[in-house]
Structures are given as C-alpha cells and as structure tokens.
Amino acid sequence: LTLDVVNVSGTATYTINAVNSVTGCSSISRQVIVTVTPIPDVTTDQASYEICSGSVTDIQISNPNGVSGVSYNWQVTAASNVTGASVGQTGSGAVIGQLLSSTDGTNPGSVTYQITPVAGGCSGTAISRTVTVDPTPTLSVNPSQQTICDNTSTSIALSNPNGAADGYMWTVVENGLSGGSDQGSIGVPVSGPIAQALTLDVVNV
C-alpha cells in the first residue's frame with residue numbers, strides 16, 4: 001500500500017467473507033482496518049562538519065517531508081583520534097552536541113554519526129554525517145615580558161609547539177607610546193617575531 005500524501009497516514013478497510021462457490025453460501029462479513037503510517041526522511045543543515053578541538057558539535061537535524069511526531073536517533077559508527085565520542089555511543093534529539101577534542105592534540109580526528117528518523121513506529125532511511133576535529137594550535141612566546149629603550153624595536157619570538165598553526169595574529173594596547181600595531185587575522189595570519197619600533201610620547205617619562 002502506498003500513501004496518497006507522503007506525510008499523512010491513511011487507512012485501507014478490508015471486508016472479508018468466506019464463500020462456497022457451489023452452494024453460493026457466504027459467511028458473516030468481517031472487517032480488517034489497516035493503517036498505513038508515513039515514513040519520515042531526514043537531513044541536516046550541512047553535509048559535513050569541521051570544528052576546532054575542544055569545541056561542541058552543532059549538527060541540526062530536520063525532517064524535509066514533514067511527518068508529524070518525528071524523532072531522531074543517532075549512533076557513533078566511527079571515531080578516530082577523538083576524545084568525547086566512542087563507537088557505539090547513542091543519543092537522540094534534533095541536535096547532536098558533543099564536546100570533541102583531538103586526542104593527540106597534533107593531528108585531526110573525526111567522528112561519524114548515523115542518524116535515523118522515526119515516527120509512528122516507522123524508521124526512515126538513515127544518513128551519515130562526519131565531523132572533522134582539527135587540533136587547536138598551541139603558542140609559545142619568548143620572552144613573556146620585555147624592557148627596551150625608546151625608539152627600539154621589540155623582539156618577541158613566537159612558536160607553535162604542536163605544529164597546528166600556519167601563522168599568528170596579535171593586537172596591542174598602547175599606553176604612553178606609539179609604534180605598535182595589530183597584525184594578522186585567523187584568515188590571513190602573519191609570521192613572527194613581533195618586531196615593532198616603539199616610541200615614547202613623552203621622552204623623559
């Protein structure tokens with residue numbers, strides 16, 4: 001049986017008699033009502049996901065064919081170099097939010113979720129979504145404090161111990177001097193060191 005409208009249940013009523021073709025006799029009729037429940041489908045707001053280590057996933061799940069009363073069950077089917085999710089772990093709800101971290105802190109990890117929609121006892125076709133967990137860069141600066149003479153450049157060495165960065169960004173708040181400037185952004189990082197000539201506003205203070 002196939003529903004006329006994919007997201008609305010329907011019924012089929014069977015009226016049944018036992019008959020004798022020779023005598024023409026028939027039993028009392030019996031009815032059987034069959035209810036056909038729509039099968040929900042499922043999608044997510046993205047086809048794949050990428051987060052930084054130490055962040056929470058935000059997989060938004062929805063039901064495109066609009067079946068009433070739909071719920072979502074999910075299961076972790078694969079996990080590699082990730083802390084916070086393990087194969088076989090299950091959950092439910094319209095959002096998958098798990099705190100995930102790169103286990104070794106150096107290499108990317110990944111988690112794959114299988115998501116199944118359920119409504120009225122009927123399960124729809126499951127989909128899979130993978131989250132890539134990128135390692136969060138670490139930072140070392142040397143020195144942590146520095147004293148220099150007026151009109152002299154800073155010399156602050158920058159390094160990335162876990163090798164997960166491809167550059168740096170910084171901001172500066174000046175007080176009584178000039179010459180410092182903000183540099184870099186996440187999208188357009190710059191290289192180190194921080195070497196900026198700083199000049200006092202008042203030369204004898």
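Reply: Two strands are said to pair if DSSP finds at least two bridges between them. In this predicted model, β18 and β19 meet that condition, pairing in the antiparallel sense over 2 bridges.

The loop between β18 (177–178) and β19 (197–200) contains Gln196. Is this residue buried or exposed? Gln196 counts as buried because its relative accessibility is 12%, and the limit for a buried residue is under 20%. The side chain of Gln196 is joined to that of Ser181 by a polar contact of 2.9 Å. Apart from neighbours within four places in sequence, the residues in contact with Gln196 include Thr152, Ser153, Thr154 and Trp170. Gly179, Gly180, Ser181 and Gln183 are also among its contacts.

Pro64 lies between β6 (59–62) and β7 (71–80). Its relative accessibility is 52%, and Pro64 therefore counts as exposed. With neighbours within four places in sequence left aside, Pro64 is in contact with Asp41, Val42 and Thr43. The C-alpha atom of Pro64 is separated by 8.2 Å from that of Pro40, although these two residues are 24 residues apart along the chain.

The wider setting of these parts is as follows. The protein has 19 strands and 0 helices. Its radius of gyration is 32 Å, whereas a compact globule of 205 residues would have a value near 17 Å. Taken along the principal axes, the box filled by the C-alpha atoms is roughly 125 × 30 × 20 Å. Of the 205 residues, 24% are buried, and Gln196 is one of the residues that count as buried. The protein exposes about 12,500 Å², of which carbon and sulfur atoms supply 52%. Among contacts with a separation of 6 or more, 51% are between residues 24 or more positions apart.

Technical notes
Residues are numbered from 1 along each chain as its sequence is written. This is a predicted model: local features need pLDDT of at least 70, side-chain atom pairs count only at pLDDT 80 or more; totals for chains, interfaces and linings use all residues. Side-chain values use heavy atoms; hydrogens and water are left out. Helices (H or I, at least four residues) and strands (E, at least two) are DSSP runs, numbered from the N terminus. Buried means under 20% relative accessible area, exposed over 50%, partly exposed in between (1.4 Å probe, protein chains only). A polar contact is a pair of N or O atoms within 3.5 Å; within protein, one must be able to donate a hydrogen and the other to accept it, and residues adjacent in sequence count only if both atoms are side-chain atoms. Contact means heavy atoms within 4.5 Å. The radius of gyration is taken over C-alpha atoms; the globule rule is 2.2 Å times the number of residues to the power 0.38. Accessible areas come from the Shrake-Rupley method with a 1.4 Å probe; for residues, only the protein chains shown count as cover.
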